[in-house]
Amino acid sequence: MTEPTNPQLQPMPEDWRRALAVVAHPDDLEYGCSAAVAAWTDGGREVVYVLATRGEAGIDTIAPAECGPLREREQRASAAVVGVSTVEFLDHRDGVVAYGPALRRDIAAAIRRHRPELVITLNHRDTWGGVAWNTPDHVAVGRATLDAAGDAGNRWIFPELAEQGLEPWNGVRWVAVAGSSTPTHAVDASAGLERAVGSLLEHRAYIEALTDEEPETYVRGFLTGVAHSVGERFGGRPAVAFELFNR
Ligand SMILES: [Zn+2]
């Protein structure tokens, strides 16, 4: 038996100005990659968040009508901690987000509005690796985002977008998937990790419903553990991993 290979992750590309992150729920980016976002906004890059839902089905003890606005507030506060001031919601229904043309069109429209070179999303595969099953919303939004990066550049797939004044955008060069079990690239999280902790802590109602642990202990333990584990494949520095797809 040979040991499984564990290749080093490559540094993420740095020759870009604007990124658009598209995920299913409030907290997906904070669990997934906000230390990288903090590093990018520190460097003067613009990052915009688009969420397919308001996460209104995410807390058992709070009904959706109350939960949606609460989680939207938490998400906006959370984004601000890592230098993101634009947060948009596509208003698909939490838990039953459907992969298909409507979702692709809504994401393609967001890509045309913001004209990013880099698009970020969360794990689109069935599992997190091994036997940890992913949720259907993540799979749907991840796949639709990978597809919409191409749709955004095609005038004829969703002609109604150009009629609304959203001209095709062919400038997406990469789609980076956070939370992938087969990452290829990474970003140094040293400078952004504390703000990532603060950012996830803004999802306080969600976290308090999720765990009996003291929220800061839980959040710091989780994010630090992941960052150091990724760092074993990135020169020993705490890091955020992505699977990078070229366009
Ligand atoms: Zn989620």
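These notebook entries record what I looked up in a predicted model of a single chain.

**Conventions**

I worked from a predicted model, in which local features need pLDDT of at least 70 and side-chain atom pairs count only at pLDDT 80 or more, while totals for chains, interfaces and linings use all residues. Residues are numbered from 1 along each chain as its sequence is written, and side-chain values use heavy atoms, with hydrogens and water left out.

**Entry 1: the chain as a whole**

I began with the secondary structure and found nine helices and eight strands; helices (H or I, at least four residues) and strands (E, at least two) are DSSP runs, numbered from the N terminus. The radius of gyration of the chain is 17 Å, close to the 18 Å that the globule rule gives for 247 residues, so the chain is as compact as a globular protein of that length. The radius is taken over C-alpha atoms, and the globule rule is 2.2 Å times the number of residues to the power 0.38. Along the principal axes, the C-alpha atoms fill a box of roughly 50 × 45 × 40 Å.

I then looked up burial: 54% of the 247 residues are buried. Buried means under 20% relative accessible area, exposed over 50%, and partly exposed in between (1.4 Å probe, protein chains only). Of the contacts (heavy atoms within 4.5 Å) between residues at least 6 apart in sequence, 80% join residues at least 24 apart.

Asp 28 is buried at 4% relative accessible area, and His 138 is buried at 9%.

I also checked His 124, which sits in the loop between β5 and α5 and is buried, with a relative accessible area of 8%.

**Entry 2: helix α2**

Is helix α2 (residues 34-42) largely enclosed or open? Seven of its nine residues are buried, so the helix is largely enclosed by the rest of the structure. The buried residues are Ser 34, Ala 35, Ala 36, Val 37, Ala 38, Trp 40 and Thr 41. Their cover includes α1, β3 (46-51), β5 (118-122), β7 (185-188), α7 (193-201) and β8 (239-246). After α2 comes Gly 44, with a positive phi near 90°.

**Entry 3: pockets**

I looked up the largest pocket and noted a volume of about 870 Å³. On a 1 Å grid over the protein atoms alone, a pocket is an open set of points where a 1.4 Å probe fits, with protein on both sides within 12 Å along at least five of seven lines; lining residues have an atom within 4 Å of a point. Grid points are joined across faces, edges and corners, and a volume is the space filled by probe spheres set on the points. The lining has 42 residues, of which Tyr 31, Gly 32, Trp 128, Gly 179 and Phe 222 lie nearest the centre. Helix α9 supplies the largest share, seven residues.

The second largest pocket holds about 150 Å³. Its lining includes Pro 11, Trp 40, Arg 45 and Asp 188, and the largest share, three residues, comes from β7.

Most residues other than glycine have a negative phi. I noted Asp 91, with a positive phi of about 60°, in the loop between β4 (87-89) and α4. Arg 115 likewise has a positive phi, of about 50°, and lies in the loop between α4 and β5. Arg 115 is partly exposed, at 33% relative accessible area.
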